[in-house]
Amino acid sequence: MELRDINSFIEVANHKSFTKAAAHSYLTQPSLSKAIKKLEEELHVELFDRSTRHLRLTDAGQIVYQQGQKALAALSELDVLLEELMDITAGTIKIGIPPLIGTLFFPDIARRFNRKYPKVSLELTELGAKLLGQLVEDGQVDLGIVVMPANEKKFNIYPFIQDEFVLYLHEDHPLAHKQSISLSELRDERFILFSKDFTLHDYVIQACEEHGFTPTISYQSSQWDLIVGLVSSKLGITLLPRLIYDKQTNSNVKIIPLEENSTLLWKLGIITKKGAYHSFALKELLKMLGEDE
């Protein structure tokens, strides 16, 4: 069944005449008759009652007419929908972000993108970076914002934000008076870290081991605000990006920068699956995020 045959049938039904339909559609009467005969043979029904002076639709013809109109109406919307996509006015982008990154950056990303493209929905998934990589690879999210490095063979990688780690501790802690601190001075401390699904968990442990010790981990959490809250309760210390400090609300928590020999950088990147289709909306979001570098 071809759409042009459906269109020819609807023209004849609208005009109740092959002659008038031919004049209106710039098709010949024989071509219209051929198209309708073809439809009738394919559907095994008669579409018109030809026993009267004017053509009338049969019951089967009424059904084909109604459904044909719906099909053609849906197709007529196709150009409009594609134009909307080309103009970035519609669609959904699925974004995967670790909770820490979501807290710091997603509200601003969403606000700025919504201002330009209010009909594009941003659907957020918050998980640890280790799990997010798999979601991007499986196509369950369109892009992920993760802690670098990322697998260059699997992902397109776009640099995003860089920040430095600092020590978070209670203001009454014995080390709270220091202007800066080396990681090696923390060997006897109790650490509060992100849970094992998070890249930062391994990153902090690796950094400590490079300075000659394996950290003692007292608590693990998937929520940065709970980690800082535990520090506020004198249950340990933690290493987190400096950007977090302005977001947290514990007045008794202090931060101390790390000495040059202990510098830890928090490098974030945006990843998308290599070879995957990038919608027009996604391309615009990537462009906007790239401008933040």
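User: Which residues are exposed on the other side of H2?

Analyst: Lys20 and Ala23 are exposed there. Keep in mind that this is a predicted model.

User: And which residues of H2 are buried?

Analyst: Helix H2 covers residues 18-25, and Phe18, Ala21, Ala22 and Ser25 in it are buried. Viewed down the helix axis, the buried residues sit within an arc of 100°, so they line one face of H2.

User: What covers the buried residues of H2?

Analyst: The cover includes H1 and H3.

User: What caps the N-terminal end of H2?

Analyst: Serine 17 does, with a side-chain oxygen 3.1 Å from the backbone nitrogen of threonine 19. As for what comes after the helix, H2 is followed by tyrosine 26, which has a positive phi, near 60°.

User: Which residues line it, the largest pocket?

Analyst: The lining is made of Arg4, Asp5, Ser8, Leu27, Ser31, Leu32, Lys34, Ala35 and Lys38. By class, that lining has four charged, three nonpolar and two polar residues.

User: Which helices supply at least two residues of that lining each?

Analyst: Helix H1 (3-15) and helix H3 (29-43). H3 gives the largest share of the lining, five residues.

User: New topic, proline 118. Where is proline 118 found?

Analyst: Proline 118 is in the loop between helix H5 (99-116) and strand S4 (120-126).

User: Is proline 118 buried or exposed?

Analyst: Exposed, because its relative accessibility is 57% and the cut-off for exposed is over 50%.

User: How far apart in space are proline 118 and alanine 90?

Analyst: Their C-alpha atoms are 8.1 Å apart, while in sequence proline 118 and alanine 90 are 28 residues apart.

User: Last one, isoleucine 217. Which strand is isoleucine 217 found in?

Analyst: Strand S8, which runs over residues 216-221. Isoleucine 217 counts as partly exposed, at 31% relative accessibility.

User: What does isoleucine 217 touch, not counting residues up to four places away in sequence?

Analyst: With those left out, isoleucine 217 touches Phe191, Leu193, His201 and Ile205.

User: And what separation do you get between the C-alpha atoms of isoleucine 217 and aspartate 49?

Analyst: The C-alpha atoms of isoleucine 217 and aspartate 49 are separated by 85 Å, and the two residues are 168 residues apart along the chain.

Notes:
Residues are numbered from 1 along each chain as its sequence is written. This is a predicted model: local features need pLDDT of at least 70, side-chain atom pairs count only at pLDDT 80 or more; totals for chains, interfaces and linings use all residues. Side-chain values use heavy atoms; hydrogens and water are left out. On a 1 Å grid over the protein atoms alone, a cavity is a set of points where a 1.4 Å probe fits but cannot get out, and a pocket is an open set with protein on both sides within 12 Å along at least five of seven lines; lining residues have an atom within 4 Å of a point. Helices (H or I, at least four residues) and strands (E, at least two) are DSSP runs, numbered from the N terminus. Ala, Val, Leu, Ile, Met, Phe, Trp, Tyr, Cys and Pro count as nonpolar, Asp, Glu, Lys and Arg as charged, and the others, Gly among them, as polar. Buried means under 20% relative accessible area, exposed over 50%, partly exposed in between (1.4 Å probe, protein chains only). The arc is that of the directions from the helix axis to the C-beta atoms. Contact means heavy atoms within 4.5 Å. A polar contact is a pair of N or O atoms within 3.5 Å; within protein, one must be able to donate a hydrogen and the other to accept it, and residues adjacent in sequence count only if both atoms are side-chain atoms.
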